[in-house]
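I opened a new notebook page for this chain. These are my entries, in the order I looked things up.

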Amino acid sequence: QVQLVESGGGLVQAGGSLRLSCAASGIIFRINDMGWYRQAPGKERELVAAITSGGSTNYADSVKGRFTISRDNAKNTVYLQMNSLKPEDTAVYYCKLYRLGSRPYDFWGQGTQVTVSS
């Protein structure tokens, strides 16, 4: 059974930093791609950052230069370092483990709340 458990969310003032973690179990972590998504109230879920099994990354334009995604395959964990946070970064953040190709699949964590006060 695949489980993704996020942690690290909380309340922070604008300009501050948080690091989110997502620990995976029940699957071979290193061969899968990982992503961080977020959903603000009344808005659709959007991609924040992603990292492939090979370590390639991509970011939403709104977070480029402020957020960094990384992974530690030895710990089955993906991280999202968030710096220079803005009130508009307030959302529930979800991690996703997925694989594309002929037999695609994806699994989601339960989400962690990030609130940035002005």
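**Entry 1: the buried cysteines**

I began with Cys 22, which counts as buried at 0% relative accessibility. Buried means under 20% relative accessible area, exposed over 50%, and partly exposed in between, with a 1.4 Å probe and protein chains only. Cys 95 is buried too, at 0%. A disulfide joins Cys 22 to Cys 95, S to S 1.9 Å. The term needs two cysteine sulfur atoms within 2.5 Å. Cys 22 is in strand 3 and Cys 95 in strand 9, 73 residues apart. Strands (E, at least two residues) and helices (H or I, at least four) are DSSP runs, numbered from the N terminus. I searched the whole structure and found one disulfide.

Two notes on the source. This is a predicted model, where local features need pLDDT of at least 70 and side-chain atom pairs count only at pLDDT 80 or more, while totals for chains, interfaces and linings use all residues. Residues are numbered from 1 along each chain as its sequence is written, and side-chain values use heavy atoms, with hydrogens and water left out.

**Entry 2: the core**

Which residues touch the most other members of the largest nonpolar core? I noted Trp 36, Val 48, Phe 67, Val 78, Leu 80, Met 82 and Tyr 93, out of 26 residues. Such a core is a set of buried Ala, Val, Leu, Ile, Met, Phe, Trp, Tyr and Cys residues joined through side-chain atoms within 4.5 Å. The elements that give two or more residues to this core include strand 3 (18-25), strand 5 (46-51), strand 8 (77-82) and strand 9 (91-99).

I then listed the contacts of Val 78, leaving aside neighbours within four places in sequence. Among them are Leu 20, Cys 22, Phe 29, Met 34, Trp 36, Ile 51 and Ile 69. Contact means heavy atoms within 4.5 Å.

**Entry 3: rings**

How many aromatic pairs does a search of the whole structure find? It finds two. Rings of Phe, Tyr and Trp (its six-membered ring) pair if their centres lie within 6.5 Å; planes under 30 degrees apart are stacked, over 60 edge-to-face, and the rest tilted. Tyr 37 and Trp 108 are edge-to-face, 4.9 Å centre to centre with 65° between the planes. Tyr 37 lies in strand 4 (residues 33-39) and Trp 108 in strand 10 (residues 105-108), so the pair ties together parts 71 residues apart in sequence. Tyr 37 is buried at 15%, whereas Trp 108 is partly exposed at 34%.

Tyr 105 and Phe 107 have ring centres 5.8 Å apart and planes at 55°, so this pair is tilted. Tyr 105 is partly exposed at 26%. Phe 107 is also partly exposed, at 29%.

The rule is NZ of Lys or CZ of Arg within 6 Å of the ring centre and within 35 degrees of the ring normal. Arg 45 lies over the face of Trp 108, 4.7 Å from the ring centre. The charged end of Lys 96 sits over the ring of Tyr 98, 4.7 Å from its centre.

Buried or exposed: what is Asn 32? Asn 32 is buried, at 0% relative accessibility. Its place is the loop between strand 3 and strand 4. A polar contact of 2.5 Å joins the side chains of Asn 32 and Tyr 105. That term means N or O atoms within 3.5 Å; within protein, one must be able to donate a hydrogen and the other to accept it, and residues adjacent in sequence count only if both atoms are side-chain atoms. A polar side-chain atom of Asn 32 also lies 2.6 Å from the backbone oxygen of Ile 28.

Thr 77 is in strand 8 and is buried at 8%. The Thr 77 side chain reaches the backbone oxygen of Lys 75 at 2.8 Å.

**Entry 4: loops**

Asn 76 is in the loop between strand 7 and strand 8. Its phi is near 55°, a positive value in a residue other than glycine. Ser 84 has a positive phi of about 50° and is not a glycine either. Ser 84 lies in the loop between strand 8 and strand 9.

Pro 87 is in the loop between strand 8 and strand 9. Pro 87 and Ser 117 are 30 residues apart in sequence and 5.7 Å apart in space, C-alpha to C-alpha.
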